[in-house]
Amino acid sequence: MPKIMSVILNIVMWVLILYLIIKIIYANQQNKKNKALIETMSNVGNKEIFNQKIYSLEKKFQVKNPVFLQKTEVLKMWGLAIYEDYAELMKVLSELKPDLLLSKKQDQFVLEANEDSFFFLYISIPNILYGNGHKELISPFFEKLCPIIKKTETSMVTQIGLEAKKLYLSEEDKGQKFYQMIINGEYENIKYYKAMIGIYKAICVSLLAKIAKDKNDQEAYAKYINQIHCFNLSGACKRFVNNLHLDLSTSKENAEKINETMVMEKLTDVENEDHK
């Protein structure tokens, strides 16, 4: 009997070792793919290079990796919004399959390592459309996301996107109550990566600043502008604020500057289990 138990324990041990090896290999493969997306993203300032890299990734993921193909298409849409190529943007949107970016865990849909794509879909791209004066494209954009909104409604990235839409389209209270709730730390039942909470709060502060500016509430506007620490003169953050037509020239100097690639790195860290 002891001999049989020893054999069983050895088998279990080797199964666990094999599982860990497979998990490490998978994580390394995912990291390589994410790094390719991040490198592409960092070249958005050069339209030709950015488009070349997008085409290369599309070709690479076309057959064998439908999830990363969709991540590439989302990144492509972000670039198209920045380059103001709206016809092509809407074409890519019509062919997008965002449901492939969702995974299921314990009978619940989760964003997991694809939250970066939803950050672009719900937050970045609509913000760019608003900033460029194309509010008419925001509703069709969210209509495309309708089938998955219900599945992701408990995530902070989804809720911020939907509330920001209220501001862009002047609906209800423009999301003011929600933004204040996030700033006050009232988000116990909302799912989010802890590493991103500072960025999400900064986005909400920026949206409150926009509301205060539209109301000509100079005191509130000044207060919110001075709270936009991580948005001060940095890639994605600066772009988000600029698209709201806010002036950061009077804001306090910030020690930490978060750019777009850093946001994506936080949201694509396959080894990061720090998810609330």
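Reader: Which residues form one aromatic cluster?
Author: This is a predicted model, in which local features need pLDDT of at least 70 and side-chain atom pairs count only at pLDDT 80 or more, while totals for chains, interfaces and linings use all residues. Residues are numbered from 1 along each chain as its sequence is written, and side-chain values use heavy atoms, with hydrogens and water left out. Rings of Phe, Tyr and Trp (its six-membered ring) pair if their centres lie within 6.5 Å; planes under 30 degrees apart count as stacked, over 60 as edge-to-face and the rest as tilted. The residues that form one aromatic cluster are Phe50, Trp78, Tyr83 and Phe120.

Reader: What is the angle between the planes of Phe178 and Tyr179?
Author: By this ring rule, the count comes to ten aromatic pairs. Phe178 and Tyr179 form an edge-to-face pair, 6.3 Å centre to centre, and the angle between the planes is 80°.

Reader: Is Tyr179 buried or exposed?
Author: Buried means under 20% relative accessible area, exposed over 50% and partly exposed in between, with a 1.4 Å probe and protein chains only. Phe178, at 8% relative accessibility, counts as buried. Because the relative accessibility of Tyr179 is 0%, Tyr179 counts as buried.

Reader: What is the centre to centre distance of the aromatic pair Tyr187 and Tyr192?
Author: Tyr187 counts as buried because its relative accessibility is 13%, and Tyr192 is buried with a relative accessible area of 8%. Tyr187 and Tyr192 form an edge-to-face pair with 85° between the planes, and the centre to centre distance is 5.3 Å.

Reader: Which residues does Glu163 contact, leaving aside its neighbours within four places in sequence?
Author: Glu163 has its place in helix α7; helices (H or I, at least four residues) and strands (E, at least two) are DSSP runs numbered from the N terminus. Glu163 is buried, since its relative accessible area is 15%. With contact taken as heavy atoms within 4.5 Å, Glu163 is in contact with Lys174, Gly175, Phe178 and Tyr179.

Reader: What distance separates the C-alpha atoms of Ala164 and Phe178?
Author: Ala164 also lies in helix α7, and at 5% relative accessibility it counts as buried. Not counting residues up to four places away in sequence, Ala164 touches Tyr179 and Leu207. Ala164 and Phe178 are 14 residues apart along the chain, and their C-alpha atoms are separated by 9.7 Å.

Reader: How is α6 oriented to α7, roughly parallel or roughly antiparallel?
Author: Axes are lines fitted to C-alpha atoms, for helices over the stretch in contact, and angles run from 0 to 180 degrees between N-to-C directions. The axes of α6 (residues 138-152) and α7 (residues 156-168) come within 11 Å and cross at roughly 150°. Angles under 35 degrees count as roughly parallel, over 145 as roughly antiparallel, 65 to 115 as roughly perpendicular and the rest as oblique. Therefore α6 is, relative to α7, roughly antiparallel.

Reader: Which residues of α7 make the contact with α6?
Author: On the α6 side, the contact is made by Ile138, Phe142, Ile149 and Thr152. On the α7 side, the contributing residues are Thr158, Gly161, Leu162, Lys165 and Tyr168.

Reader: What phi does Glu84 have?
Author: Most residues other than glycine have a negative phi. Glu84 lies in the loop between α3 (66-82) and α4 (86-95), and at 46% relative accessibility Glu84 counts as partly exposed. Although Glu84 is not a glycine, its phi is positive, at about 60°.
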